[in-house]
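Me: I'm new to this one. Can you walk me through it?

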Amino acid sequence: MRAVDRQDDTGDLEASGVPPIAGLVLRTCLLDLLDGAPPRTPLWITAPPGAGKTALAAAWAESRWRPADGAAVLWYGVEESDADPLRLFATLGGFLGLPHGFGTDIPPEPTPQAFAEIAGSARRWLDAAPPGRRAGPRLIVFDDVHLVPPEAVTITLLPVLAAALPPEDRILCLSRLDPPDPAAVAGPVTDLRVTAAEYPDFARDLPGGRALRRELFLAGLRRAGGWLPGVLAALTPALLQAGLAGPGGNEAAERRLLLATAFLQEGSAAEWAELGGAGAPALLDRLAGAGGLVSDLPGGGLRKQDAFQAALEQAAAAELPPPALDRARTGAARLLGRRGAVLPAARLLLAAGAGDEALNLVLDHGPALSLAGRNRELREALDLFPAEVLAGPRPRIWLAYARMPYEPRQAQQALAEIRRTLAPETAPLEYAWALNGEARAVLSDFFDFRELPRLVEQIDDALPRLGDAVPPARQTLAITRCMAILIGWPDHPDAGEARRWIEGALPFLPPTVQLLLGSVLVNHLIWWRGDMAAARPFLGRLEALARQRDMAPLSVMTWYYAALSEAYLDGDDEALRRLTDEVVAFAGDRRVSHRLTNAFWVVVQAMATAGDRAAADSMLQRYAACAQQRWRRTDFIGLHHLRAVVALCAGDTTAAIAEAGQALDYARRHGGPHQVATQSLLLAIAHAMAGDVAARPYIETLREVAGRTGNATFLLHADLAEAFLAAAAGGDVAGPWNRAAEAAGRLGFRRIAGMNRPALARLADTALAAGAEVQATRRVIALWDLPPPEGAHELWPFPVEIRALGGFAVQVGGSRVAMGTGKAQRKPMELLWCLIAGPAEGWAQEELADQLWPELDGDRAIPALRSTIYRLRKLIGTRAIRHEDDHIGLAPAQVRTDVARLRAALSALQDPAAGAAARLAAFDLAVGLVRGPLLPGIRLPPIVEARDRLQALLAAAGAELLLAQDPADPATALRAGRLRAAAPGLRLPPPLARLAVG
């Protein structure tokens, strides 16, 4: 349950989704009840649908919380998918400023036995809020909590969240069901019925309520049984009456003006005059000045309050003659249509009997609605019409577009059937939109890449036959053609031209098209070309568009896919966790969580290559659960691909081969060349890591596809596989490794598919021993952060290199570090000396503190030690010092010392199971490392003891080995002389002493 520090500004989440309260009654008794709830306990409101839960919570948020200095409110709409707490953690993290990425390693369906551990981790995460984040109180409202099963971990965590917040914060839960554990919540509040005592609230807050008599209020209360919607409906006639003539006015004339505007709730002075005549704006201005019934809009214009609007509509329908009623409806509908409010406009036109106008309005707005991601609204608008009206090609086309985000395959099939009945010469507009929709359906859902080349060919055939009569459709077809080539046919002869066309067209396209098309280009450059340098500028420029709230969800999700890919390949774990939080929260907010599969596909690979197996497994489960909601053919490829990646990163080549083989089978049947090559990549590496020549056909596939598409990543993996095979067979490792190292340096990817760092480290070490290009190899080792294998080659580049035999020198990143001789640097130096000379497993911190501060007691020595560790890390790097479980030592994967190498050589020298040649090689290495005594001149007791121990061990083990050698062999005499030089203060056995002298 990991997280990283959050650096971004998430203030835009504070007002997320709070319903407006204009026209709502502030029910004092219930608001006071909520105010009096105990702190650090969830407050629970249980009531049936329509009882006023949301209205009460919104009124409490806006009237009692918003006015507080620095206050913030988060409105969280619960979904069924929130049984998995990932979206909850992502959204709360943004709102509370908590570390990113918490919960990615929690399974989406944890067992009840794991709840206690999850709750404990959540408490620690919630306690990690940065100091000084916000001073004001915070309210978090969970709406529709009943949608999540009561036994889900998300429900269990609500009391944990409330208990962890400061006492001025509150958690409010709205549900149709009672709380699973009533003892864990405040309340619950269950009775929201209006009482007679609330008359002052209604008279004060209801639009026109000043004219509301108590007797009328009580009568409405009795008729409604106390339920809020019924009470408001019963009082509606009084609201309309309150909006009529002021002193000296003509009540009947003003009533006619108001009724003429009855079907428009907000508008400008010109729009009110268009509907009600020249006097309408003045009348509405007067009502706004009087307060209650009409309010001023921030950007100009006026808005009728909800209850007053409902009263006007009812009165217009009852009182206006049919022609006047139709004029009022059609006038308002045309104004709404000009604003793009298609659904209410169509409803009004149909109510006015203008069915043809309504249908044309919906169909004319079809492209804009689909482009903006408003497909549900398009579907609802078309559903207003009877089936016989929708039987023509044009309505059927936009019905298919409306289905596209939810049923893409069915939409594509419907559009193909329609197009077969059309010809581009006789029905160019319909033909163009049908063909465009077929391709977009495949592109939007990635369900069958094999269709895309066929559709590109059909677009190429259609474009010259469409003529010049449909320029918007022609441009849309051209855009779709470019997208289809870049995503589904990367080896098309026009792929380069398509990229250049997109680059040139982007600045001149509508923002949502810019974002979608630009993000497709970025993904093509990253995944199809391996060209991050070309992708990065576009990705940065598109971010501002992706963060605009009016962008189509599909366009935004496509951008997040690209941004996550960049973070993954850059090895930027912090950015990856931040972006994962953002896309999960965004998808939940926009109700498109089913589209998270592409994002999860990247995240699983990133976490697997980072070595975080728990998080990779949990996110893989989320990928599978998300994919099951709509099972695209490519999801079968993706699921087996991800299983193969996780297995390969963990070193399980058998499982990787089995899973990648299934993925390749699906890819050959349903994918494009890129999907085939991607699975061949995993199979090539997995077989090659196992030393199996079965890798060769997959290597050839990679080279063949790379030759057609220009994909540098495929060539890199082909060369890596060749190097693995050569290493296993004892062949030429340096050649293929040098090609791979050069390609890796050029690409600059810090993570690559199926990355198994230990295996790559062994391969790099073998390549160094085989004479591979040293500088290129060292750059790749640093780029991929490869851990040094046991007995790493002497040319292996450790981040920190320390020489302590015969002197003292420290290099960090290849550059010598001046450790300093002043008093301030003395203790870090002494600490480093102790770590160099100390045991390989490190020091117990109490023992080390006693060595460095013998004059201090434990309560003072341990803090001094921790401070010194911090200062030493500033000098040689945070990762160089390992401080875990109260033990302190140098990190062996980060620091290489000549002392550690000497100890390893001495251990090999003393190994009774080793052969004579191996022991002699260990002896030669040991005496070669000893350029003098350990840390000469340093008189710290641990250093003196280690110095004497090493000299004695070298002399004893070396003498034992040399006494067993042939004294007549000149090499024995030479080694005896080297042993005397390495241990000058110790006496050698007489036979060796004579050899050394000789």
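Me: How many helices and strands are in the chain?
Reply: The chain has 45 helices and 15 strands. Keep in mind that this is a predicted model.

Me: What does the C-alpha trace span along its principal axes?
Reply: About 130 × 75 × 45 Å.

Me: And what share of the residues count as buried?
Reply: Of the 998 residues in the chain, 55% count as buried.

Me: Let's pick a helix. What does helix 19 reach from its first C-alpha to its last?
Reply: Helix 19 covers residues 408–420, which is 13 residues. The reach is 18 Å, close to the 18 Å expected at 1.5 Å a residue.

Me: Which residues of helix 19 are buried?
Reply: Pro408, Ala411, Gln412, Leu415, Ala416, Ile418 and Arg419. Seen down the axis of helix 19, these buried residues fall within an arc of 165°, so they line one face of the helix.

Me: Why would residues three or four places apart point the same way?
Reply: An α-helix has 3.6 residues a turn, so residues at that spacing point the same way.

Me: Over to helix 39. Which residues are buried there?
Reply: Helix 39 runs over residues 845–852, and its buried residues are Gln845, Leu848, Ala849 and Leu852. Down the axis of helix 39, they fall within an arc of 100°, so they too line one face.

Me: New topic. How many cavities of 30 Å³ or more does a search of the whole structure find?
Reply: Eight.

Me: What volume does the second largest cavity have?
Reply: About 160 Å³.

Me: What lines the second largest cavity?
Reply: There are 18 lining residues. Nearest the centre lie Trp527, Leu681, Thr713, Phe714 and Ala753.

Me: Where is His717?
Reply: His717 is in helix 34.

Me: Is His717 buried or exposed?
Reply: Buried. Its relative accessibility is 1%, and the cut-off for buried is under 20%, so His717 counts as buried.

Me: What does the His717 side chain reach?
Reply: The backbone oxygen of Ala753, at 3.5 Å. Ala753 is also one of the residues nearest the centre of the second largest cavity.

Me: Now Ala544. Buried or exposed?
Reply: Exposed, because its relative accessibility is 56%. Ala544 lies in helix 25, residues 532–546.

Me: Last topic, backbone angles. What is the phi of Arg40?
Reply: About 60°, a positive value although Arg40 is not a glycine. Arg40 lies in the loop between helix 1 (28–35) and strand 1 (43–46). With a relative accessible area of 42%, Arg40 is partly exposed.

Me: And what is the phi of Asp885?
Reply: Near 50°, again positive in a residue other than glycine. Asp885 lies in the loop between strand 13 (881–884) and strand 14 (887–890).

Me: Is Asp885 buried or exposed?
Reply: Exposed, at 72% relative accessibility.

Notes
Residues numbered from 1 in each chain as written. Predicted model: local features only at pLDDT ≥ 70, side-chain atom pairs only at ≥ 80, totals over all residues. Heavy atoms only, no water. Helix = DSSP H or I, 4+ residues; strand = E, 2+ residues; numbered from the N terminus. Expected span 1.5 Å × (residues − 1). Buried < 20%, exposed > 50% of the residue type's maximum accessible area, 1.4 Å probe, protein only. Arc of directions from axis to C-beta. 1 Å grid on protein atoms, 1.4 Å probe; cavity = no way out; pocket = protein on both sides within 12 Å on 5 of 7 lines; lining within 4 Å. Points joined across faces, edges and corners; volume = space filled by probe spheres on them. Polar contact = N/O pair within 3.5 Å; in protein donor to acceptor, adjacent residues only side chain to side chain.
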